[in-house]
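Subject: Structure handover and findings

Dear colleague,

Please find below the structure that I am handing over to you. My findings follow it, arranged by region.

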Amino acid sequence: MMKHGFVLPYAEARDAGELAHLAETSGWDGFFVWEPVWGIDAWVTLTAAAMRTERIRLGTMLTPVARMRPWKLASETATLDRLSNGRVTLAVGLGATDTGWEAFGEPTDRKTRAELTDEALDILTGLWRGQPFSYSGKHYTVKPLDFMPPPPPIQQPRIPIWVVGVCDSERSLARVARYDGLIPSGRDGDGRMAQATPDQIRATLEQLTARRGNSAPLDVIVEGVTSPDDPARVAEIRAPYEAAGATWWLEAMWSAMPSPDLAYADALARVRDRVAAGP
C-alpha cells in the first residue's frame, strides 16, 4: 500500500512545525520541505517539525547537494535523525538552476553538478559511517578527523536517500541504483522534463531491479495534487502509479505559494485546510 506525504509549498519554521503536527494527527505518513538557495532554511524548519511530532517521517523534496558542503549536510541530517529518533529521509537531485543559483555563483553546468552530486553522496554516506574516513575526488578531498566526531544517525545502515532518476539516462539511473529510492523523471512529447508516466516507471523499475541485483526494497516516489472532496477521483489518479510500483504519493500544492496575488496568511490557510483533510 502506498504511503502518503505532504510537500510544504512555503511556510515559516514556526508555522511549519504546527503544520507537521497537524499532518501527523491527520493521517499523513511524511512531511517534506524544499531547499531554497536563499530563503527559509529547510533543516531549521524540519527541526521545528521534529519537535512537534513523534511518528511522521521528515525530509526534503528535494536537496540539491551539488551546491552544498557535504560535511555540513552530513552534520545536519545526522543531528536531525537523532533528534527525531530516526525519522529523516533525504531526497536529492541536481537541482533547478533557475531558482537563484547563478545569483550566488553556484555551478549551473549539468555535468559539473552531476559530478559534485556523486562525490557529495559518497562523502555524506562515508561520514555517517564514522571515522576514520577519507576521500579523494575531482572536486573534494577529505582527510580523517578525530576532533569531536558526532554520534552516528539512528537509522542504519544509513539515512534513506531518495534520488531523482531520469528514465532515459544511464548515468542518472546508475546513481539511483546505489541508494534507497527513485524519484522518477521522464520527458514529455516536447522533450521537456516531467514526472515519469506509470509506463515509464514500470520500465525503469525493471532496469533498476536488474542493475541492483538484490532484493533490497526501493521506494518509488511520485507527486501530484488531489482533492479530498472527491475520494473516488483521488483513488483513480493514484491507482496507475501504485500499480506501476510507486510506494509514496506526495501531495504537492505548489499553487499555494505566496505571491502578489496570494497573501501569506491566505496561502497558509489553504495549506492548513488540505493537510487537515488528510491523504
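Two strands are taken to pair if DSSP finds at least two bridges between them. The model is a predicted one, and the description below should be read accordingly.

Strand β2 (residues 30–33) pairs with β3 in the parallel sense, over four bridges. Within this pairing, Val 33 stands opposite Thr 60 of β3. Together with helix α2 (residues 42–51), β2 and β3 make up a right-handed β-α-β unit. From β3 the chain then passes through helix α3 (residues 70–83) to β4, in a β-α-β crossover that is also right-handed. Strand β4 (residues 88–92) pairs with β3 in the parallel sense over two bridges, and Val 88 in β4 is the bridge partner of Leu 58.

How are the faces of strand β3 (residues 57–60) covered? Arg 57 and Gly 59 are buried on one side, and Leu 58 and Thr 60 are buried on the other. In general, the side chains of a regular strand alternate between the two faces of the sheet.

Strand β8 (residues 181–187) is mostly covered, with six of its seven residues buried. The chain reaches β8 from β7 through helix α5 (residues 170–177), and this β-α-β crossover is right-handed. β7 and β8 run parallel and are joined by five bridges; Leu 182 in β8 is the bridge partner of Val 163. β8 also pairs with strand β10 (residues 219–224) in the parallel sense over two bridges, where Gly 181 stands opposite Asp 219.

With strand β9 (residues 193–195), by contrast, β8 runs antiparallel, and three bridges join the two. Arg 187 stands opposite Met 193 in β9. β8 and β9 form a hairpin with five residues between them, and Gly 191 in the turn has a positive phi of about 85 degrees.

Gln 200 belongs to helix α6 (residues 198–212). The contacts of Gln 200, leaving aside residues up to four places away in sequence, are Cys 167, Gly 186, Arg 187 and Gln 195. Gln 200 and Pro 184 are 16 residues apart in sequence, and their C-alpha atoms are 8.3 Å apart. Because its relative accessibility is 25%, Gln 200 counts as partly exposed.

**Backbone geometry to note**

Most residues other than glycine have a negative phi, and most peptide bonds are trans.

- The peptide bond from Met 61 to Leu 62 is cis, with omega near 5 degrees; Leu 62 is placed in the loop between β3 and α3.
- Gln 131 and Pro 132 are joined by a cis peptide bond with omega of about 0 degrees. Pro 132 is placed in the loop between α4 (110–129) and β5 (135–136).
- Asn 85, although not a glycine, has a positive phi of about 60 degrees. Asn 85 is found in the loop between α3 and β4, and it counts as exposed because its relative accessibility is 61%.
- Met 148, although not a glycine, has a positive phi of about 50 degrees. Met 148 is found in the loop between β6 and β7, and it counts as exposed because its relative accessibility is 68%.

**A nonpolar surface patch**

Which residues form a nonpolar patch on the surface? They are Leu 145, Phe 147 and Met 148, with about 410 Å² of accessible area together. Phe 147 lies in the loop between β6 (141–142) and β7 (161–166). With a relative accessibility of 64%, Phe 147 counts as exposed.

Yours sincerely

Conventions. Residues numbered from 1 in each chain as written. Predicted model: local features only at pLDDT ≥ 70, side-chain atom pairs only at ≥ 80, totals over all residues. Heavy atoms only, no water. Patch = residues over 30% accessible without salt bridge, like charges linked within 9 Å, V, L, I, M, F, W, Y side chains within 5 Å. Areas by Shrake-Rupley, 256 points an atom, 1.4 Å probe, with all protein chains shown as cover. Salt bridge = Lys/Arg side-chain N within 4 Å of Asp/Glu carboxyl O. Buried < 20%, exposed > 50% of the residue type's maximum accessible area, 1.4 Å probe, protein only. Contact = heavy atoms within 4.5 Å. Right-handed = clockwise from strand over helix to strand, strands pointing away.
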